[in-house]
Amino acid sequence: MAELNLVEAINHALAYELAQDPAVVLLGEDIGVNGGVFRATAGLQQRFGAARVVDTPLAETAIAGTAIGMAAMGLKPVAEIQFSGFIYPTLDHLINHASRLRNRTRGRLSCPLVLRSPCGAGIHAPEHHSESPEALFAHVPGLRVVIPSSPSRAYGLLLAAIRDPDPVIFLEPTRLYRLFKQEVADDGEALPLDVCFTLRSGSDVTLVSWGAMVHETQAAADALAQQGIMAEVIDVATLKPLDMATILESVGRTGRCVIVHEAARTAGFGAEIAANLAEEGLYTLLAPVRRVTGYDTVVPLARLEYQYLPSVERIVAAVHKTLEGA
């Protein structure tokens with residue numbers, strides 16, 4: 001066991017798979033010599049060589065297209081897009097090719113690639129460096145969407161993503177990269193994809209979140225506990241496919257749900273969860289589902305960044321409203 005922050009856990013998972021599976025190849029801008037802008041791949045090119053940890057040109061479209069070709073021919077590419085704000089040029093390849101390759105070839109080819117990208121706000125970055133595009137990718141049939149919320153889950157989920165036979169979008173919250181450390185066993189044990197993780201049991205309200213917002217959600221649960229309100233906390237982790245059964249079971253016991261995410265509110269992934277609750281769990285609800293989200297604006301620059309992000313206070317206030325049935 002080692003005390004690792006999230007970016008170190010990513011590095012350990014990548015190193016483990018490079019060592020165990022000769023088909024695994026990393027590619028991206030500055031990931032080799034420099035070890036990546038956040039140092040997630042630090043030391044890997046020196047250890048495994050430039051043929052397996054490949055520095056690419058500044059060309060996101062080329063990175064995605066090359067990764068798809070590699071995957072179709074039997075390799076397991078792990079491509080990095082330096083910031084999620086630069087991910088949009090890859091959409092043509094991801095939507096029209098990566099997500100459809102298995103269906104297009106009637107199962108003759110698969111596309112076992114992972115596209116990693118830092119995401120989210122909270123590090124005082126300039127424009128295009130604070131995006132939360134998870135709902136966009138979740139809308140695409142054939143893509144898995146995974147967002148870890150801690151070092152141990154980053155390690156286990158990335159291993160599972162690399163081993164998965166189909167394309168995975170793996171979004172890494174930049175705010176969590178060095179926020180805290182956690183004991184992580186570098187033993188190659190993957191965590192299951194497609195399931196939610198219940199981080200805290202409670203009987204009064206279900207709090208549902210993912211990525212960096214899990215940190216604020218857990219802090220809100222602590223604050224509510226001091227007020228005698230027991231909140232259950234669920235980390236979605238894999239947004240697509242969504243483990244709705246875990247959420248429905250929890251809300252069936254608590255009768256109330258507050259969904260927290262930092263992406264813009266309109267058509268955010270929280271709306272999908274709320275719609276599923278309305279369709280499948282309406283009669284268990286004692287109050288309307290509430291969402292605490294970012295706003296329908298571009299993420300502001302550093303001075304206003306934390307006015308945009310959901311706060312512990314906003315989450316607690318939403319819980320009080322749902323407990324009042326308002």
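**Ring cluster, helix face and cavities**

Author: Ring pairs link F38, F83, F86 and Y177 into a cluster. The model is predicted: local features need pLDDT of at least 70, side-chain atom pairs count only at pLDDT 80 or more, and totals for chains, interfaces and linings use all residues. Residues are numbered from 1 along each chain as its sequence is written, and side-chain values use heavy atoms, with hydrogens and water left out.

Reader: What makes F38 and F83 an aromatic pair, and of which kind?

Author: Rings of Phe, Tyr and Trp (its six-membered ring) pair if their centres lie within 6.5 Å; planes under 30 degrees apart are stacked, over 60 edge-to-face and the rest tilted. F38 and F83 are 5.5 Å apart centre to centre, with 70° between the planes, and hence edge-to-face. F38 lies in the loop between β2 (24-28) and α2 (44-48), and F83 in the loop between β4 (76-80) and α4 (91-96), so the pair ties together parts 45 residues apart in sequence. Helices (H or I, at least four residues) and strands (E, at least two) are DSSP runs, numbered from the N terminus.

Reader: Why is the pair of F83 and F86 called edge-to-face?

Author: The ring centres of F83 and F86 are 5.9 Å apart and the planes stand at 85°, so this pair is edge-to-face.

Reader: How do you know whether F83 is buried or exposed?

Author: Buried means under 20% relative accessible area, exposed over 50%, and partly exposed in between (1.4 Å probe, protein chains only). F83 has 8%, so F83 is buried. F86 has 25%, so F86 is partly exposed.

Reader: Why are the buried residues of α9 said to line one face?

Author: The buried residues of α9 (residues 244-254) are M244, I247, S250, V251 and T254. Seen down the helix axis, they fall within an arc of 130°, so they line one face. The arc is that of the directions from the helix axis to the C-beta atoms. These residues pack against β10 (205-209), β11 (231-235), β13 (257-261) and α10 (269-280), where contact means heavy atoms within 4.5 Å.

Reader: What makes a space a cavity, and which residues line the second largest cavity?

Author: On a 1 Å grid over the protein atoms alone, a cavity is a set of points where a 1.4 Å probe fits but cannot get out; lining residues have an atom within 4 Å of a point. The second largest cavity is lined by G36, V37, F38, R39, A40, E80, R116, P118 and Y177.

Terms used:
1 Å grid on protein atoms, 1.4 Å probe; cavity = no way out; pocket = protein on both sides within 12 Å on 5 of 7 lines; lining within 4 Å.
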